[in-house]
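Subject: Structure for you to look at

Hello,

Here is the structure I promised to hand over. Please open it next to this email and follow along.

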Amino acid sequence: MGRGRLGSQQGVQRTLAARQPAAAAVSVSPADAIRESLQNDGTMDLAAFNKLGDDDMADILTEIDQYESDDDLKWRQLQPTDTQRFFNQIGWADEKPTILDDKAYEAARKAAGVKSLYHTDAPYGRLSTQRMLDQFRKGTQYLSGGLHGDGTYLAESSSDSWSYGKFKPTARQQKMFLNHNAKVIDEWELHQKFNTWAQAHPKAYAALRHMTQGYQDKTAGWSSIDGSKSVFAAMLGYNVIKVGSYYTVLNRKAVTVAKSHKIYSKRTDWNNW
């Protein structure tokens, strides 16, 4: 009998000991769990972020620059902005596009029943357009600044896209199409959803407006959602924003890219190719 009681007591002690870590884990708030993940490996679970209340979501957005410095982003040839940080942290910036040789590309595009879209890079500082092309295809996505969200800009017209290359002699143009991974939202619809959401999340909305973006750095004397609307689109699960005949790609897994590309010259054929 004595041994039975002792065994029972030891069993209770083991049960209590087993419950202690679980109790400790429960005490960590969802926001603090996100902070720990950002601190430990620089990642953030988007679904967990979306479940935060207004106060916690605003705090996480405000603190976003604590986990990746401007210097680190510049060293990695990335945009030193909070929008870039957000897409790095949720993992979208590391997703890669599908690359196909020209014959396979055309077959896949026709099978999908979609048109080609065009992206052109101009040389920027010490960055060559070849380096930019390689980074787009193999590296971390650089989120360019723009009025229609920070991301990679595409045009339905090859000639329109060339203008983004500023007609520089080393400007390079790629063509691609939106594949089955693309989740597209029209910019007008995005704004409607944004306005509705802002009423229930005023603090998080203010934090989004004050995030550093492609066209808005820390010294800007204004606030805007021009670039950070990409963050809100991602929160809704969309990876492409459409406005007219232009598209902002937020995650490269949404596109299939032709292996060949073109370099600008005065004799460049401006027709779609």
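What volume does the largest pocket have? About 830 Å³.

Before the rest, some ground rules. This is a predicted model, where local features need pLDDT of at least 70, side-chain atom pairs count only at pLDDT 80 or more, and totals for chains, interfaces and linings use all residues. Residues are numbered from 1 along each chain as its sequence is written, and side-chain values use heavy atoms, with hydrogens and water left out.

**Pockets**

A pocket is found on a 1 Å grid over the protein atoms alone: it is an open set of points where a 1.4 Å probe fits, with protein on both sides within 12 Å along at least five of seven lines. Lining residues have an atom within 4 Å of a point. Points are joined across faces, edges and corners, and the volume is the space filled by probe spheres set on them.

The largest pocket is lined by 30 residues. H119, D121, Y142, S144 and G145 lie nearest its centre. Four elements each supply at least two lining residues: β2 (117-121), α8 (129-138), β3 (152-155) and α9 (158-164). Helices (H or I, at least four residues) and strands (E, at least two) are DSSP runs, numbered from the N terminus. The lining divides into 14 nonpolar, 14 polar and two charged residues. Here Ala, Val, Leu, Ile, Met, Phe, Trp, Tyr, Cys and Pro count as nonpolar, Asp, Glu, Lys and Arg as charged, and the others, Gly among them, as polar.

The second largest pocket holds about 300 Å³. Its lining includes K74, Q77, Y124, R126 and Y142. That lining has five nonpolar, three polar and two charged residues.

**Helix packing**

Start with α2 (residues 30-41) and α4 (residues 54-62). Their axes come within 10 Å and cross at roughly 15°. Axes are lines fitted to C-alpha atoms, for helices over the stretch in contact, and angles run from 0 to 180 degrees between N-to-C directions. The two helices are therefore roughly parallel (under 35 degrees; over 145 is roughly antiparallel, 65 to 115 roughly perpendicular, the rest oblique). A31, I34 and R35 of α2 contact D56, D59 and I60 of α4 (heavy atoms within 4.5 Å). These residues split into three nonpolar, no polar and three charged.

Next, α4 meets α11 (residues 202-210). Their axes are 7 Å apart, at about 15°. So α4 and α11 are roughly parallel too. Among the residues that meet are M57, A58 and L61 of α4, and A204, A207 and L208 of α11. This contact has seven nonpolar, one polar and three charged residues.

Last, take α10 (residues 187-200) and α11. The axes come within 5 Å and cross at roughly 125°. That makes α10 oblique to α11. F194, W197, A198, Q199 and A200 of α10 touch P202, A204, Y205 and L208 of α11. Eight of these residues are nonpolar, one is polar and none is charged.

Best wishes
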